[in-house]
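My notes follow the order in which I checked things.

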Amino acid sequence: MIGTDVGAQAGMLAGRHPDIHAALDPARVAAQRHRSLELPSAPDDFGDSGSGGRGESYVVAQRATRTRARGINQLVDIVTGNSRADSRILVDLLGGDGLVSRVVALSGRDDTVIATCDASPFMVSQAWASGTPALRQRAESLLFRDASVGGVLLAYGSHHIPVPRRGTVAEEAFRVLQPGGMFVLHDFLTDSPVDMWFRKVVDVYAPTGHDYPHFARDEAMSYLTSTGFEDVVATVMDDSFVVSGATEQQAEQELGRYMVDMYGLDRLRDELGEQGAHRRAFELVCDIFRYEDADGGFREVQVSSDAGTGAVTVTMPREALVVFGRRP
């Protein structure tokens, strides 16, 4: 499987994506070829079903490329709008099967080159299978040269990194960034609706469970400031899911399907069947994803129709914590 062979991945990058290959550290790649990556402290949640992971279900969800495009484009904009580095390479540390790369390609932008990275061999293999350049590496042990890239993105799974290693990830990002390059950390606040979704739904209905601590704002900022990043900013970003259907019922079912696939809610499928699981997932989404506004109201799941096409769109509100800073 290509996902386990870092040497083969580097060779493919050399032939197909020489700009990314040129940023790699040959000594680090060579050392990696002669040893397996350190085994994870817990099972690979994003491996295939044979290994007990939910990777296959996750990949199915990611075929709906536009569902998470709103947040992804904002994260890429933070890098491209603030970086003063020469390199256009943006290292996507938790890139999975390459969703960020595909969203960027759909937008037609040419101001960045995405290097998809992940620790899961299955995810890396799936990325290559879809034509996305990818490299197997851990976020806390990067294979890139010092001062070789313009941006580093840690997003959509940052909470999977054990707390004692999170500072090391920031240090590695600092090491590989060129002066002026940007590091962006994205996750979700502790006790937020997203955190509640993981604790009350994913941890209950996914065979992999989900016992991973999310972030406090001060904690996330401290990783960047203590590492030496400058102009550190913490903000809350609209990271809503957006799905569509021909009718309101179809759009609601599509959001439910996406959530079941995305988070591998197999036990919900076993309990209620496929369609029943989709319906119940949508109901749980409506119960959990509610954000209080400044005026005391709530942002909740919204359903809207296009007067021209008749298509129905369902938007699930989701707020993400984003902390970013620049290497001096």
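Below are my notes on the sheet, then the pocket and cavities, then single residues.

**Ground rules**

I am working from a predicted model, where local features need pLDDT of at least 70, side-chain atom pairs count only at pLDDT 80 or more, and totals for chains, interfaces and linings use all residues. Residues are numbered from 1 along each chain as its sequence is written, and side-chain values use heavy atoms, with hydrogens and water left out.

**The sheet**

I looked up the strand order. Seven strands form an open sheet, ordered 3-2-1-4-5-12-6, with mixed pairing. Strands here are DSSP runs of E with at least two residues, helices are runs of H or I with at least four residues, and both are numbered from the N terminus. Two strands count as paired if DSSP finds at least two bridges between them.

Which strands stand at the edges? They are strand 3 (134-136) and strand 6 (230-238). Each has a single partner strand, so one side of each has no neighbour in the sheet. The twist averages 20° from one strand to the next. For such angles, axes are lines fitted to C-alpha atoms (for helices over the stretch in contact), and values run from 0 to 180 degrees between N-to-C directions.

I went to strand 1 (residues 89-92) next. Ile-89 and Val-91 point one way, Leu-90 and Asp-92 the other way, and all are buried. Buried means under 20% relative accessible area, exposed means over 50%, and partly exposed lies in between (1.4 Å probe, protein chains only). In a regular strand the side chains alternate between the two faces of the sheet.

Strand 1 runs parallel to strand 2 (residues 113-118), and four bridges join them. Val-91 has Ala-115 as its bridge partner in strand 2. Between strand 1 and strand 2 the chain passes through helix 6 (residues 99-107), and this β-α-β crossover is right-handed. Right-handed means that, with the strands pointing away from the viewer, the path from the first strand over the helix to the second runs clockwise.

I then checked strand 4 (residues 149-154). It pairs with strand 1 in the parallel sense over three bridges. Asp-92 has Leu-153 as its bridge partner there. Strand 4 also runs parallel to strand 5 (residues 177-187), with five bridges joining the two.

**Pocket and cavities**

I searched for spaces on a 1 Å grid over the protein atoms alone. A cavity is a set of points where a 1.4 Å probe fits but cannot get out; a pocket is an open set with protein on both sides within 12 Å along at least five of seven lines; lining residues have an atom within 4 Å of a point. Grid points are joined across faces, edges and corners, and a volume is the space filled by probe spheres set on the points.

The second largest pocket holds about 190 Å³. It has 14 lining residues, and those closest to its centre are Ser-101, Val-104, Ala-105, Val-113 and Ile-114. Helix 2 (18-22), helix 6 and strand 2 each give two or more residues to this lining. Helix 6 supplies the largest share, four residues.

I found four cavities of 30 Å³ or more.

**Single residues**

Most residues other than glycine have a negative phi, and most peptide bonds are trans. I noted two residues with positive phi.

Tyr-156 has a phi of about 55° and is not a glycine. It sits in the loop between strand 4 and helix 8 (163-176). Is Tyr-156 buried or exposed? Its relative accessibility is 15%, so it counts as buried.

Asp-191 has a phi of about 70°, and it is not a glycine either. I placed Asp-191 in the loop between strand 5 and helix 9 (193-205). At 58% relative accessibility, Asp-191 counts as exposed.

Last, I checked Phe-144, in the loop between strand 3 and strand 4. Its relative accessibility is 1%, so Phe-144 is buried. Phe-144 lies 27 residues from Cys-117 in sequence and 11 Å from it in space, C-alpha to C-alpha.
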